Amino acid sequence: MKATDIPFVKHIEIKEQNNELSLDFKNDVLNHIETIHAGAQFALAETQSGLHLKSLFPELEGKVIPVLRDAQIKYKKPAKEKIIAFSSTDEEAVIIFKSQFEKKGRGSLQIEVKIKDINDVLTCQATFTWFVQVL
């Protein structure tokens with residue numbers, strides 16, 4: 001399933017371009033101070049982390065169930081413009097995950113996400129821990 005086909009992702013209209021997700025600044029996702037709602041930023045970051053996980057292990061698609069196990073997020077600046085999500089993973093963590101997964105058919109992996117607005121202002125950063133298990 002494409003990340004942008006997930007019903008909630010569709011609902012808030014997260015868009016994908018070149019494996020990066022973005023969210024437009026629009027009334028439907030604003031909070032009481034007219035900046036992008038923390039929940040909308042979380043949804044963007046979490047979805048980006050899942051997309052990143054999928055890109056790391058395309059051979060596992062349809063063979064595993066990835067479930068978000070833990071999330072930590074810190075909001076840095078108000079999001080007053082369109083925002084874009086950027087994800088990364090430590091290479092050593094990928095090696096450890098592969099080893100765990102090969103031995104046990106399951107493993108955990110942390111993915112870092114930064115959300116920046118179109119002016120390169122960091123609005124939030126997050127760490128998502130995914131638990132992946134063979135179907």
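Ring pairs join F57, F97 and F101 into a cluster. The model is a predicted one. In the whole structure, a search finds 3 aromatic pairs. The ring centres of F42 and F128 lie 5.6 Å apart with the planes at 65°, so this pair is edge-to-face. Because F42 belongs to helix 2 and F128 to strand 6, the pair ties together parts separated by 86 residues in sequence. F42 is partly exposed, at a relative accessible area of 28%, whereas F128 is buried, at 0%. The pair formed by F57 and F97 is tilted, with 4.9 Å from centre to centre and 45° between the planes. F57 lies in the loop between helix 2 and strand 3 and F97 in helix 3, so this pair ties together parts that are 40 residues apart in sequence. F57 is buried, with a relative accessible area of 6%, and F97 is buried as well, with a value of 1%.

Helix 3 spans residues 91-104. Its 14 residues reach 20 Å from the first C-alpha to the last, close to the 20 Å expected at 1.5 Å a residue. V94, F97 and F101 are the buried residues of helix 3. They cover an arc of only 60° around the axis, which puts them on the same side of the helix. In general, an α-helix has 3.6 residues a turn, so residues three or four places apart point the same way. On the other side of helix 3, the exposed residues are I95, E102, K103 and K104. The buried residues of helix 3 pack against helix 2 (38-56), strand 3 (64-75), strand 5 (106-117) and strand 6 (122-134). At the start of helix 3, a side-chain oxygen of D90 comes to within 3.2 Å of the backbone nitrogen of E92. G105, with a positive phi near 75°, follows the helix.

The largest nonpolar core comprises 33 residues, and L23, I36, L44 and I115 have the most contacts inside it. At least two residues of this core are supplied by each of helix 1 (7-12), strand 2 (20-23), helix 2, strand 4 (83-88), helix 3, strand 5 and strand 6. Helix 2 contributes the largest share, 6 residues. Apart from neighbours within four places in sequence, I115 is in contact with Q41, L44, A45, I83, I84, A85, V121, L122, T123 and C124.

L30 is located in the loop between strand 2 and helix 2. Residues up to four places away in sequence not being counted, L30 touches F25, T35, I36 and H37. The C-alpha atoms of L30 and A40, 10 residues apart in sequence, are 8.3 Å apart in space.

Notes: Residues are numbered from 1 along each chain as its sequence is written. This is a predicted model: local features need pLDDT of at least 70, side-chain atom pairs count only at pLDDT 80 or more; totals for chains, interfaces and linings use all residues. Side-chain values use heavy atoms; hydrogens and water are left out. Helices (H or I, at least four residues) and strands (E, at least two) are DSSP runs, numbered from the N terminus. The expected span of a helix is 1.5 Å times one less than its number of residues. Buried means under 20% relative accessible area, exposed over 50%, partly exposed in between (1.4 Å probe, protein chains only). The arc is that of the directions from the helix axis to the C-beta atoms. Contact means heavy atoms within 4.5 Å. A polar contact is a pair of N or O atoms within 3.5 Å; within protein, one must be able to donate a hydrogen and the other to accept it, and residues adjacent in sequence count only if both atoms are side-chain atoms. A nonpolar core is a set of buried Ala, Val, Leu, Ile, Met, Phe, Trp, Tyr and Cys residues joined through side-chain atoms within 4.5 Å. Rings of Phe, Tyr and Trp (its six-membered ring) pair if their centres lie within 6.5 Å; planes under 30 degrees apart count as stacked, over 60 as edge-to-face and the rest as tilted.
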